[in-house]
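Here are my notes for a colleague who is new to reading protein models. Please keep the sequence and the structure open while going through the points.

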Amino acid sequence: MSRLRIGWAEESIVPEKKVSLAGQFFERISEYVESEITVTAMAVQADGEEMIMVSADVVKVEESLLRMARDKFAKLTNEISPDKLMVAATHSHTSLKLAPPKEYAKQGNLTTVGILEEFLPEGKGYQELVTPDENVITPEEGAEFLTDKIALAAKKAWDKRAEGYYANEFGRAAVGMCRRVSYDDGSAKMWGDTNTANFVAMEGGNDSGIELIYTFDKDKKLTGVVANIACPAQILEQRSFISADYWGRAKAIVREKLGSDIYLLALCGAGGDQCPRDLVRWVNPETPIDDPNVKRPNLPKRKADPSMYDISGCNRAGKRIANEIVSVFEEITELKEEAIFKHKVIKLDLPLRKATMAEYEHAVRELEYYIDKNKDKESFNFEDNARMHVHAGTIMRYRMQQNTEIYPIELHVVRFGDISMVTNPFELFLDYGNRIKARSYSEQTFIVQLCCGGGAYLPTEKAERAGHYSAYISSGYVGHEGGDLLVRKSIKEINEMWEE
């Protein structure tokens, strides 16, 4: 056990140009900046071990982008191994669309649009309805810009390490709720309508807990807050502006009440089946949205949260989080200056979720039928991709599994005093996170999803049986067998750090 050295840094990732916004099937170009998107870095060193955790206001950080950032970081310093740099996404859907350069991109990495184009007859093509121009940063430029900022923030945080104190605390704020609706025929649907006699229950639970770390300098002045919430930041996902979503509002309030120089490291917990919307007390968007999953016929008026598709709802969620951070801070009675600190980087092979021959053949037939039915269309666009996404994804998976049976991931396990942190690259369903937390030996367990990779959804067995988006084969690379293995490995590695 030794004195902690902690450093913080933050960099804006708002480019000078407009951006193509990531996170939806339809194309969007940013119209303005609703709140600043950033990368925030916290460096920690103690007991001869170290880590740098970076939180980025983006949808995901693919493995290729992680390698880019680490390569750039390695050129800035050789004092810490680049493998100890972790990058996690808040899952904002109002941030940059990213594409790595060819030397970092995966070979043969087809998209569902690419599959769709393969099946189109001669003379037909895919047409983007919103075409970026010279005033819009390209996804390739976005990848260079983002990874430059990640490396820079990590280096600054590392250089600013200084002895200080910390307090690990716990709070509650109602933000995340299950977004999969179960029906009486055994099916389920993401964003499903609950105002129907077929509605039985929400498929999963929710977790209102906030795992918190407060850091202080040698004079016991607050320097930063780590907040881990089991809910992605995607209230504003349908909108056409740049935004850090509810984390932008939370950060603004925290700085207003606790100090303008306070850092906030936002970490998303196991929230693959979670969202900030109450699907039972449904409130329609204030501004109409062209999404069939959002339409609710004959909807009774509800007295509930503001629309969780709009800025009003975003402000409410951010306020709840910030108020709880401030309230818990005011009750802190003990600061710790020493901690057992360990950080382990693990390479783990998980079983690839496979498509059967029957599923593949069905997907081919459905895609061919759809294209033939729409053969008189002049061109195909995002609406066709959305409708055929599940079938195109199944075709992609069947091709992929001819060459591999595994999906390799990078897993980080950290002991920080009485706290454990464990990462994964997925949109991990809440049940997996609950299993890890319940069996962990640590006083608090921070589960950080969408970290060091972009493995998409990892659904439960129950969700796989019920189907729909987030549970389809095309929705993620790993199924419940891999999820069970991930849980067992995470628990084992955490608990061994307490047994040593």
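**Notes on charged residues and overall fold**

1. The place of Lys257 is in helix H4, and helices here are DSSP runs of H or I with at least four residues, strands being E runs of at least two, numbered from the N terminus.

2. Before going further, please note that this is a predicted model, in which local features need pLDDT of at least 70 and side-chain atom pairs count only at pLDDT 80 or more, while totals for chains, interfaces and linings use all residues. Residues are numbered from 1 along each chain as its sequence is written, and side-chain values use heavy atoms, with hydrogens and water left out.

3. Lys257 also belongs to a positive surface patch, which it forms with Arg249, Arg316 and Lys319; patch residues have over 30% relative accessible area and no salt bridge, with like charges joined within 9 Å and nonpolar side chains (Val, Leu, Ile, Met, Phe, Trp, Tyr) within 5 Å. Helix H4 (246–258) and helix H5 (311–329) are the elements that give two or more residues to this patch.

4. For the chain as a whole, the secondary structure comes to 10 helices and 24 strands. The radius of gyration, taken over C-alpha atoms and compared with a globule rule of 2.2 Å times the number of residues to the power 0.38, is 22 Å, close to the 23 Å that the rule gives for 500 residues, so the chain is as compact as a globular protein of that length. Buried residues make up 58% of the 500 residues.

5. The whole structure holds 36 salt bridges, each a side-chain nitrogen of Lys or Arg within 4 Å of a carboxyl oxygen of Asp or Glu. Lys437 meets Asp207 in one of them (3.6 Å, N to O), and because Lys437 lies in helix H8 (residues 430–439) and Asp207 in the loop between strand S13 (199–202) and strand S14 (209–216), the pair ties together parts that are 230 residues apart in sequence.

6. Lys437 also meets Glu211 in a salt bridge (3.4 Å, N to O). Glu211 lies in strand S14 and Lys437 in helix H8, so this pair ties together parts 226 residues apart in sequence. Is Glu211 buried or exposed? Glu211 is buried, at 8% relative accessible area, whereas Lys437 counts as partly exposed at 26%.

Technical notes: Areas by Shrake-Rupley, 256 points an atom, 1.4 Å probe, with all protein chains shown as cover. Lys, Arg positive; Asp, Glu negative; His and termini not counted. Charge placed at Lys NZ, Arg CZ, Asp CG, Glu CD. Buried < 20%, exposed > 50% of the residue type's maximum accessible area, 1.4 Å probe, protein only.
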